[in-house]
Amino acid sequence: MTAQQDFGAMTCEPCRGGIPPMDREMARSYLVQVPGWSLRESPDRLERDFTFANFREAQDFAMRVGDLCEAEGHHAEIRYGWGHCTVSFWTHKINGLHANDFIMAAKVNGLADAPYVPASQSMGDVSPTARS
(Lines give C-alpha, C1' and ligand atoms only; values in the text may rest on other atoms or scores of the structure.)
Protein backbone atom coordinates (compact mmCIF):
# COMPACT_ATOMS: atom_id res chain seq x y z
CA MET A 1 0.00 0.00 0.00
CA THR A 2 1.31 3.44 -0.87
CA ALA A 3 0.76 6.70 0.94
CA GLN A 4 -1.47 7.83 -1.96
CA GLN A 5 -4.34 5.39 -1.31
CA ASP A 6 -7.89 6.70 -0.81
CA PHE A 7 -8.40 5.35 2.70
CA GLY A 8 -12.06 6.39 2.86
CA ALA A 9 -12.93 4.12 -0.07
CA MET A 10 -11.17 1.08 1.39
CA THR A 11 -12.44 -1.56 3.82
CA CYS A 12 -10.55 -3.04 6.74
CA GLU A 13 -8.77 -6.33 6.26
CA PRO A 14 -8.65 -8.59 9.32
CA CYS A 15 -5.27 -8.32 11.04
CA ARG A 16 -4.16 -11.73 12.25
CA GLY A 17 -1.22 -10.44 14.25
CA GLY A 18 2.32 -11.70 13.88
CA ILE A 19 3.36 -8.65 11.88
CA PRO A 20 5.22 -5.61 13.13
CA PRO A 21 3.29 -2.39 13.67
CA MET A 22 3.72 0.41 11.18
CA ASP A 23 6.81 2.52 11.84
CA ARG A 24 6.34 6.20 12.73
CA GLU A 25 7.85 7.44 9.45
CA MET A 26 5.25 5.57 7.41
CA ALA A 27 2.51 6.63 9.84
CA ARG A 28 3.50 10.28 9.35
CA SER A 29 3.32 9.84 5.57
CA TYR A 30 -0.21 8.42 5.89
CA LEU A 31 -1.29 11.04 8.42
CA VAL A 32 -1.62 13.76 5.74
CA GLN A 33 -4.58 11.82 4.31
CA VAL A 34 -6.60 11.96 7.53
CA PRO A 35 -6.89 15.68 8.39
CA GLY A 36 -7.42 16.51 12.03
CA TRP A 37 -5.88 13.29 13.37
CA SER A 38 -2.62 13.15 15.29
CA LEU A 39 -0.15 10.45 16.26
CA ARG A 40 0.00 9.54 19.94
CA GLU A 41 2.26 7.13 21.81
CA SER A 42 1.98 4.27 24.30
CA PRO A 43 0.67 2.58 22.26
CA ASP A 44 1.22 4.27 18.90
CA ARG A 45 -2.26 5.31 17.84
CA LEU A 46 -4.30 7.82 15.86
CA GLU A 47 -6.45 10.23 17.83
CA ARG A 48 -8.82 13.06 17.05
CA ASP A 49 -10.99 15.32 19.21
CA PHE A 50 -14.35 16.38 17.76
CA THR A 51 -16.43 19.23 19.20
CA PHE A 52 -20.21 19.58 19.26
CA ALA A 53 -22.82 22.06 20.42
CA ASN A 54 -24.09 19.85 23.26
CA PHE A 55 -24.08 16.43 24.89
CA ARG A 56 -26.69 14.88 22.61
CA GLU A 57 -24.72 15.67 19.43
CA ALA A 58 -21.54 14.23 20.96
CA GLN A 59 -23.39 11.11 22.06
CA ASP A 60 -25.05 10.66 18.67
CA PHE A 61 -21.66 10.99 16.96
CA ALA A 62 -20.12 8.43 19.34
CA MET A 63 -22.95 6.03 18.48
CA ARG A 64 -22.43 6.54 14.74
CA VAL A 65 -18.69 5.88 15.15
CA GLY A 66 -19.52 2.73 17.13
CA ASP A 67 -21.89 1.53 14.40
CA LEU A 68 -19.19 2.14 11.77
CA CYS A 69 -16.66 0.20 13.85
CA GLU A 70 -19.03 -2.76 14.13
CA ALA A 71 -19.67 -2.71 10.38
CA GLU A 72 -15.94 -2.63 9.59
CA GLY A 73 -14.87 -5.05 12.32
CA HIS A 74 -12.24 -2.60 13.61
CA HIS A 75 -13.03 -0.96 16.91
CA ALA A 76 -12.14 2.43 18.32
CA GLU A 77 -11.58 3.74 21.79
CA ILE A 78 -14.37 6.35 22.13
CA ARG A 79 -14.66 8.88 24.95
CA TYR A 80 -17.34 11.56 24.98
CA GLY A 81 -19.02 14.08 27.20
CA TRP A 82 -20.76 17.43 26.94
CA GLY A 83 -19.73 18.93 23.58
CA HIS A 84 -16.79 16.63 22.80
CA CYS A 85 -15.91 13.19 21.51
CA THR A 86 -12.40 11.74 21.29
CA VAL A 87 -11.79 8.79 18.97
CA SER A 88 -8.60 6.69 19.00
CA PHE A 89 -7.54 3.86 16.71
CA TRP A 90 -4.74 1.33 16.96
CA THR A 91 -4.54 -2.33 16.12
CA HIS A 92 -4.56 -4.27 19.38
CA LYS A 93 -3.18 -7.51 17.92
CA ILE A 94 0.07 -5.76 17.02
CA ASN A 95 -0.10 -3.06 19.73
CA GLY A 96 0.44 -0.30 17.20
CA LEU A 97 -0.65 1.15 13.90
CA HIS A 98 -1.79 -0.68 10.78
CA ALA A 99 -3.31 0.62 7.54
CA ASN A 100 -6.74 -0.33 8.96
CA ASP A 101 -6.40 2.46 11.52
CA PHE A 102 -6.01 5.04 8.78
CA ILE A 103 -8.93 3.57 6.85
CA MET A 104 -11.12 3.97 9.91
CA ALA A 105 -9.87 7.50 10.61
CA ALA A 106 -10.81 8.50 7.05
CA LYS A 107 -14.25 6.94 7.44
CA VAL A 108 -14.82 8.72 10.76
CA ASN A 109 -13.85 11.99 9.05
CA GLY A 110 -16.60 11.23 6.55
CA LEU A 111 -19.09 10.87 9.41
CA ALA A 112 -17.95 14.15 10.92
CA ASP A 113 -18.31 15.93 7.56
CA ALA A 114 -21.87 14.65 7.06
CA PRO A 115 -24.73 16.91 8.12
CA TYR A 116 -25.87 16.36 11.69
CA VAL A 117 -29.09 14.35 12.01
CA PRO A 118 -30.41 13.82 15.54
CA ALA A 119 -30.76 10.18 16.55
CA SER A 120 -34.45 10.78 17.21
CA GLN A 121 -34.91 11.44 13.49
CA SER A 122 -32.45 8.96 12.08
CA MET A 123 -33.32 5.95 14.25
CA GLY A 124 -37.09 6.36 14.64
CA ASP A 125 -37.02 7.29 18.34
CA VAL A 126 -40.60 7.89 19.49
CA SER A 127 -39.87 8.68 23.13
CA PRO A 128 -41.71 11.73 24.49
CA THR A 129 -38.48 13.68 25.04
CA ALA A 130 -36.98 12.93 21.61
CA ARG A 131 -38.55 15.93 19.92
CA SER A 132 -38.65 18.48 22.72
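Predicted model: local features only at pLDDT ≥ 70, side-chain atom pairs only at ≥ 80, totals over all residues.
Is Asn95 buried or exposed?

Let's take the overall layout. The protein has four helices and four strands. Along the sequence, the pattern reads α-β-β-α-β-β-α-α. There are 132 residues, and 40% of them count as buried. Now the contacts. Take those in the protein with a separation of 6 or more: 64% of them come from residues 24 or more positions apart.

Next, the sheet. The four strands form an open sheet in the order S1-S2-S4-S3, and the pairing is antiparallel. S1, residues 38-40, and S3 are the edge strands, each pairing on one side only. On average, neighbouring strands here are turned by 25° against each other, direction ignored.

Look at S4, residues 84-89. Five of the six residues in S4 are buried, so the strand is mostly covered. S4 pairs with S2, residues 45-51, in the antiparallel sense, over six bridges. Two pairs to find on your screens. Glu47 has Ser88 of S4 as its bridge partner. Arg48 stands opposite Val87 in S4.

Now the helices on that sheet. H1, residues 24-31, packs on the sheet and touches S1 and S2. The direction of H1 makes about 155° with that of S1. H2, residues 55-72, also packs on the sheet. H2 touches S2, S3 and S4, and its direction makes about 165° with that of S3.

Back to S4 for its other partner. S3, residues 77-81, pairs with S4 in the antiparallel sense, over five bridges. Here Tyr80 stands opposite Cys85 of S4. The S3 and S4 hairpin has two residues between the strands. In that hairpin, Gly83 takes a positive phi near 75°.

On to helix against helix. How do the axes of H2 and H3 cross? H3 covers residues 99-113; the two axes come within 10 Å and cross at roughly 140°. The crossing of H2 past H3 is right-handed.

Who makes the contact? From H2, we have Phe61, Arg64, Val65, Leu68, Cys69 and Glu72. From H3, we have Met104, Lys107, Val108, Leu111 and Ala112. By class, the residues of this H2 and H3 contact are eight nonpolar, three charged and no polar.

Last stop, the loops. Start between S1 and S2. Both Ser42 and Pro43 lie in that loop. The peptide bond from Ser42 to Pro43 is cis, with omega near 0°. Ser42 also has a positive phi, near 60°, in a residue other than glycine. Where does Ser42 stand on exposure? Ser42 has a relative accessible area of 70%, so it is exposed.

And now the residue I opened with. Asn95 sits in the loop between S4 and H3. Asn95 is another residue other than glycine with a positive phi, here near 50°. The relative accessibility of Asn95 is 51%. The cut-off for exposed is over 50%, so Asn95 counts as exposed.

To recap briefly. We have an open sheet of four strands in the order S1-S2-S4-S3. H1 and H2 pack on the sheet. H2 passes H3 in a right-handed crossing. And a cis peptide bond joins Ser42 to Pro43. Thanks, over to you.

How values were computed
Residues numbered from 1 in each chain as written. Heavy atoms only, no water. Buried < 20%, exposed > 50% of the residue type's maximum accessible area, 1.4 Å probe, protein only. Pairing = 2+ DSSP bridges. Axes fitted to C-alpha atoms, helices over the stretch in contact; angles between N-to-C directions. Contact = heavy atoms within 4.5 Å. Left-handed = near helix turned anticlockwise from the far one by under 90°. Nonpolar A, V, L, I, M, F, W, Y, C, P; charged D, E, K, R; others polar.
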